[in-house]
Amino acid sequence: MADLGAGEILIIVLVLVVLFGSKKLPDMARSIGRSLRVFKAETGKLREDDDEPQTRPVSLEEQARLLEEQAARLRAQAPQS
């Protein structure tokens with residue numbers, strides 16, 4: 001990205017004031033700040049998820065066995081009629 005000097009920044013600010021008005025600029029800046037804060041928090045969570053060790057893949061047979069065990073536990077907990 002190009003380096004912006006003081007003159008270029010002043011021109012950009014003046015154009016923004018003319019386009020949006022001085023009353024709306026603080027609200028727009030506040031909402032942009034909130035959006036960036038939320039975005040930063042979410043990307044931080046994604047990085048944390050990437051840092052966690054990956055679990056080993058579970059075979060279909062093992063998945064079926066785990067589901068059968070869970071079903072048996074649920075049947076045992078269900079009230080008898």
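How accessible is Glu69, and does this residue count as buried, partly exposed or exposed? At 34% relative accessibility, Glu69 counts as partly exposed. The legends below refer to a predicted model.

**View 1. Overall fold of the protein.** The chain contains 3 helices and 0 strands, arranged along the sequence in the pattern α-α-α. Of its 81 residues, 1% are buried. The protein exposes about 7900 Å², and carbon and sulfur atoms supply 62% of that area.

**View 2. A nonpolar patch on the surface.** The patch is formed by Leu4, Ile9, Ile11, Ile12, Val13, Val15, Leu16, Val17, Leu19 and Phe20. Together these residues have about 860 Å² of accessible area. Leu4 lies in the segment before helix 1 (6–20).

**View 3. Salt bridge between Arg30 and Asp27.** The structure holds 3 salt bridges; in this one, the side chains of Arg30 and Asp27 meet at 2.8 Å, N to O. The two residues are 3 apart in helix 2 (residues 25–51), a separation of about one helical turn. Arg30 is partly exposed, at 44% relative accessible area, and Asp27 is likewise partly exposed, at 46%.

**View 4. Salt bridge between Lys45 and Glu42.** Here the side chains meet at 3.8 Å, N to O. Lys45 and Glu42 are 3 residues apart in helix 2, or about one helical turn. Lys45 is partly exposed at 45%, as is Glu42 at 42%.

**View 5. Salt bridge between Arg65 and Glu69.** The side chains of Arg65 and Glu69 meet at 2.6 Å, N to O. These residues stand 4 apart in helix 3 (residues 60–77), about one helical turn from each other. Arg65 counts as partly exposed, with 39% relative accessibility.

Methods. Residues are numbered from 1 along each chain as its sequence is written. This is a predicted model: local features need pLDDT of at least 70, side-chain atom pairs count only at pLDDT 80 or more; totals for chains, interfaces and linings use all residues. Side-chain values use heavy atoms; hydrogens and water are left out. Patches are made of residues with over 30% relative accessible area and no salt bridge: like charges are joined within 9 Å, nonpolar side chains (Val, Leu, Ile, Met, Phe, Trp, Tyr) within 5 Å. Accessible areas come from the Shrake-Rupley method with a 1.4 Å probe; for residues, only the protein chains shown count as cover. A salt bridge is a side-chain nitrogen of Lys or Arg within 4 Å of a carboxyl oxygen of Asp or Glu. Buried means under 20% relative accessible area, exposed over 50%, partly exposed in between (1.4 Å probe, protein chains only).
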